[in-house]
Amino acid sequence: MTAKVYAPAPGAILTARDVWAGVQVGKIIKPIVQGGRLTVPRGGILGLVGESGSGKTQFVRAMMGLSSLEPGVFAGSAIYAIGDGPPVDVLEGVTTYAPYRPPRGDELFPQRERIGWGWPLWRRRHRARLALLRTLGVGFIFQNPVGALNPFLRIGTQLVEAVRVAHPSANGKEAEERAIHWLAQVHLTAERQTLGLYPHELSGGMAQRVMIALALAGEPHFIVADEPTTGLDSHIRLEIVGLLNRIMGQGNLSGIVISHDLPMIARLCDRLTVMYRGRVVEEGPIEALGNPKSDSHPYTRELKERAESLAKGRHSRTRGGVEKTGGTGVVVGTGCIYRSRCAIYKDGDVDKARCEREQPPMRVIADGHQVACHAEDVAGAWDAATSLEAGGHDG
Ligand code: SF4
């Protein structure tokens, strides 16, 4: 079978398609990301949302060569079109050389397909392509900044190292001045004394700012922020969101914000990709989050309802759910992975047998907006299902 040829989406800085990544558990490969896809427009910020364990972080790490899973990514394409050079597909050839392939037909798990020297050689080429990507300008803001910073090095040393990615010929004094400049950009005391601090001497908010300064010091064109406000108290969280909003709103920076914090995503991002249990279930404009009439996937609606309930201080609840709590983690199986929680499947206008039989493919419902759902009219089916449910509660 000839390998599929991928092309970058028009106007996109990153186009990812059919990405599969997994981890070996005993004799099986558990798929953590199942056919992941996303498109980041040039100059745009994409919000990647989903509950914990939905595979968001592993999806992005797989595309950036930061995954520590084995075998990690084994199929798909991730094309970066940064700078003036030709686009770089950091996963080029992975589907041809990886020892595993995605499941087909009734298979539930990825299958071992070949063994040989092609895979180690591909991994070497992959590392070279990732090194090229970093020189093109890609930055990463990790979750848990205290853990991500090197505890043995002063933050000044780490910042100077990051400055040298963008300015390899800068002398010591110039690099230090640039490091101080980046401290000022993230509203930290911009003086030599701050550069002398070790990560353990920083508060959570300071560590997150240093993490942002480190990502910016390489002067990236593309930046990924992974749960940038997790673990911060509310006023520091607001400050960090404001800071990211200012940095990302400058227009020449594109990127991805990974979070389950929907208000932050709505503030920072132009587009939205929603993941549920290893699969992308919706891609669309950020307005889909705030518009109750939008044809959103039922899972996106559930996330919105939960966020609204939490904001009002109520406990979140799951509509129509067989599975009322938990329910995170990647699953394999036939049919729609969301059906155990789906209000439309339970009460709405949809072919239930099809939901049980076929994994829904992504379907275009409006310009730039796709959902993975078999219901023809998602908004209408949702309204029918939820009004029935409300009627049931009243009675
Ligand atoms: S495909 Fe069926 S079960 Fe899945 S989200 Fe749509 S209606 Fe619900």
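**View 1. Pro-71 is found in strand S4 (residues 71–80).** Helices (H or I, at least four residues) and strands (E, at least two) are DSSP runs, numbered from the N terminus. Residue numbers start from 1 along each chain as its sequence is written. Please keep in mind that this is a predicted model, in which local features need pLDDT of at least 70, side-chain atom pairs count only at pLDDT 80 or more, and totals for chains, interfaces and linings use all residues. The peptide bond leading from Glu-70 into Pro-71 is cis, and its omega is near 5 degrees.

**View 2. S4 is mostly covered.** Nine of the ten residues in S4 are buried, a label that requires 20 or more other C-beta atoms within 10 Å of the residue's own; exposed stands for 12 or fewer, partly exposed for the range in between, and the C-beta atoms are placed from the backbone. Across the protein as a whole, 43% of the 395 residues count as buried.

**View 3. S4 pairs with strand S1 and with strand S5.** Pairing here requires that DSSP finds at least two bridges between the strands. Strand S1 (residues 12–25) and S4 run antiparallel and are joined by eight bridges.

**View 4. Asn-144 has a positive phi although it is not a glycine.** The phi of Asn-144 is about 55 degrees. Look for Asn-144 in the loop between strand S8 (138–141) and helix H4 (145–148). Asn-144 is partly exposed, with 15 other C-beta atoms within 10 Å.

**View 5. His-187 is not a glycine, yet its phi is positive.** Here phi is about 60 degrees. His-187 sits in the loop between helix H6 (172–185) and helix H7 (192–195). Its 17 C-beta neighbours inside 10 Å make His-187 count as partly exposed.

**View 6. Domain 1 touches domain 2.** The domain assignment gives domain 1 (12–290) and domain 2 (291–395), with bounds that come from an automatic or database assignment. The domain centres, taken over C-alpha atoms, are 29 Å apart. The contact takes 27 residues from domain 1 and 23 residues from domain 2, where two residues are in contact if their C-beta atoms, placed from the backbone, lie within 7 Å. On the domain 1 side, the elements giving two or more residues are strand S2 (28–41), helix H10 (262–268), strand S11 (271–276), strand S12 (279–285) and helix H11 (287–290). S12 provides the largest share of that side, six residues. The residues of this side divide into 13 nonpolar, seven polar and seven charged. In that count, Ala, Val, Leu, Ile, Met, Phe, Trp, Tyr, Cys and Pro are nonpolar, Asp, Glu, Lys and Arg are charged, and the others, Gly among them, are polar.

**View 7. The protein comes to 15 helices and 14 strands.** Along the principal axes, the C-alpha trace spans about 70 × 55 × 40 Å. Among contacts with a separation of 6 or more, residues 24 or more positions apart account for 65%.
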